[in-house]
Amino acid sequence: MENNSIIKALKTKSKSLNLSSRKITHIPESFGRLTWIVVLKLNNNYLSSLPSELVCLQKLTELNLGNNVLEEIPPVLKHLSCLNKLYLYGNKISHLPPEVLEGLPNLELLNLNHNRIKVIPAEIKRLCSLKSISVTDNHLQQIPSELGLLKSLTEINFTNNKLTQIPQQLYSLPQLRKLYLARNNLTELPEGTLGWKNVKILDVAGNCLSVFPVGFLTLEELFFEGNSLVPFTLMESIQEKEVFSLKELSARLILQQSTNKLSVVSRALPAYPELQDMLSHWGQCALCSQPFLTTWLECVQFINTRKHMGMKSSQSVPVRVLLCSYDCFNRDDHQYYGLVRL
């Protein structure tokens with residue numbers, strides 16, 4: 001039956017060929033003659049490999065190999081540099097060959113859902129045109145920091161894996177709009193989420209989160225059911241005398257001075273890379289906006305999703321608030337819960 005479709009394609013020179021759900025077990029060598037094919041659908045078959053003759057399909061932009069029995073990504077794909085969309089969902093793939101990723105510079109969509117992948121290699125950074133990556137229902141234990149180099153990414157879906165943290169580099173994706181991390185083992189979302197100014201949908205349901213960072217307030221949709229969020233109850237704390245170390249006092253002074261590009265401190269910093277690296281982890285007080293190196297207090301403020309975020313549903317979400325001193329905590333215009341001195 002697939003031979004009839006190939007013969008028809010050869011006669012008509014159709015740019016699209018759909019061979020899905022044909023119980024195909026192998027691809028005939030004659031496929032190499034379909035050099036004008038742009039879209040090829042081979043999903044829902046029994047393919048375990050692809051022939052080298054597919055290297056001739058240099059105009060191919062979309063390839064669907066979903067729901068087959070592939071145990072690896074076919075090596076021939078590294079030669080299909082025009083590929084724009086690649087679907088490999090529902091196979092038995094356990095790893096991603098770096099050499100294949102390096103050969104797909106124009107890929108914008110990669111779907112690897114329902115496989116057995118444990119690691120995404122650093123070579124993922126070679127997919128410089130990637131806009132959407134989906135690796136749901138796999139065995140991922142970590143997200144490679146190199147993913148943060150893909151500045152065109154607008155959607156990431158790592159639902160139902162074994163992730164425990166998010167790399168800081170992921171917060172520098174300027175085009176990211178949708179992030180799906182439901183049903184993992186995340187325990188926190190670091191303050192770096194302030195960099196997700198354009199993220200509109202965040203799904204972290206079914207994790208181990210207890211509190212959210214401040215930077216998620218621009219979201220349009222937030223899914224957080226099934227987490228162990230801190231309760232809406234006031235906790236007592238004993239105020240201690242504030243004694244800042246000389247290191248902290250110096251750091252705060254340098255951080256304040258470094259904002260002035262004309263200051264002596266600002267001009268001298270480049271000569272001290274180790275100091276620059278230490279100061280790069282600075283924070284900002286949620287109330288007075290003054291910079292600090294070491295967080296003095298960590299508090300929780302409950303945000304209403306309807307009132308503060310404009311969402312349809314009305315729910316209270318605990319938000320982590322970092323303060324620089326007890327003076328800020330004791331201000332009358334804010335109410336915080338769960339005070340912790342760090």
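Residues are classed by relative accessible area as buried (under 20%), exposed (over 50%) or partly exposed (in between), with a 1.4 Å probe and protein chains only. The structure is a predicted model, in which local features need pLDDT of at least 70, side-chain atom pairs count only at pLDDT 80 or more, and totals for chains, interfaces and linings use all residues. Residues are numbered from 1 along each chain as its sequence is written, and side-chain values use heavy atoms, with hydrogens and water left out.

The confidence of the predictor in each residue is expressed as pLDDT, from 0 to 100. The chain has a mean pLDDT of 83, and 83% of its residues reach 70 or more. In residues 338-342 the pLDDT is below 50, and this stretch has 20 contacts in the model beyond near neighbours in sequence, a contact being heavy atoms within 4.5 Å. Where pLDDT is low, the predicted coordinates should not be read in detail.

Secondary structure was assigned from DSSP runs, with helices (H or I) of at least four residues and strands (E) of at least two, numbered from the N terminus. The chain contains seven helices and 15 strands. Of its 342 residues, 45% count as buried. Among the contacts with a separation of 6 or more, 37% are between residues 24 or more positions apart.

A nonpolar core is defined as a set of buried Ala, Val, Leu, Ile, Met, Phe, Trp, Tyr and Cys residues joined through side-chain atoms within 4.5 Å. In soluble globular proteins, nonpolar side chains tend to be buried together. The largest such core here has 69 residues, and the members that touch the most others are Leu 42, Ile 156 and Phe 158. Apart from neighbours within four places in sequence, Ile 156 contacts Ile 133, Leu 147, Leu 170, Leu 173, Leu 176, Lys 178, Leu 179 and Tyr 180. A separate second core consists of nine residues, including Phe 292, Cys 299, Val 321 and Leu 322.

A salt bridge requires a side-chain nitrogen of Lys or Arg within 4 Å of a carboxyl oxygen of Asp or Glu. One salt bridge was found by this rule. The partners are Lys 131 and Glu 108, with 3.9 Å between the closest N and O atoms. This pair connects distant parts of the chain, 23 residues apart: Lys 131 lies in the loop between β5 (109-111) and β6 (132-134), and Glu 108 in the loop between α2 (98-102) and β5. Lys 131 counts as partly exposed because its relative accessibility is 38%, and Glu 108 is likewise partly exposed, at 27%.

Glu 62 belongs to strand β3 (residues 62-64). Beyond four places in sequence, Glu 62 contacts Val 38, Val 39, Leu 40, Lys 41, Leu 83, Lys 85 and Tyr 87. With residues up to four places away in sequence not counted, Asp 203 touches Leu 179, Tyr 180, Leu 181, Ala 182 and Phe 223.

Arg 177 is placed in the loop between β7 (155-157) and β8 (178-180) and is partly exposed, with 31% relative accessibility. Its C-alpha atom is 4.0 Å from that of Val 199, although the two residues are 22 residues apart along the chain. The contacts of Arg 177 outside four places in sequence are Thr 154, Asn 198, Val 199, Lys 200 and Ile 201.

Most residues other than glycine have a negative phi, and most peptide bonds are trans. Ser 21, which is not a glycine, has a positive phi near 55° and is located in the loop between β1 (16-18) and β2 (39-41). His 114 also has a positive phi, of about 55°. This histidine lies in the loop between β5 and β6 and counts as partly exposed because its relative accessible area is 45%.
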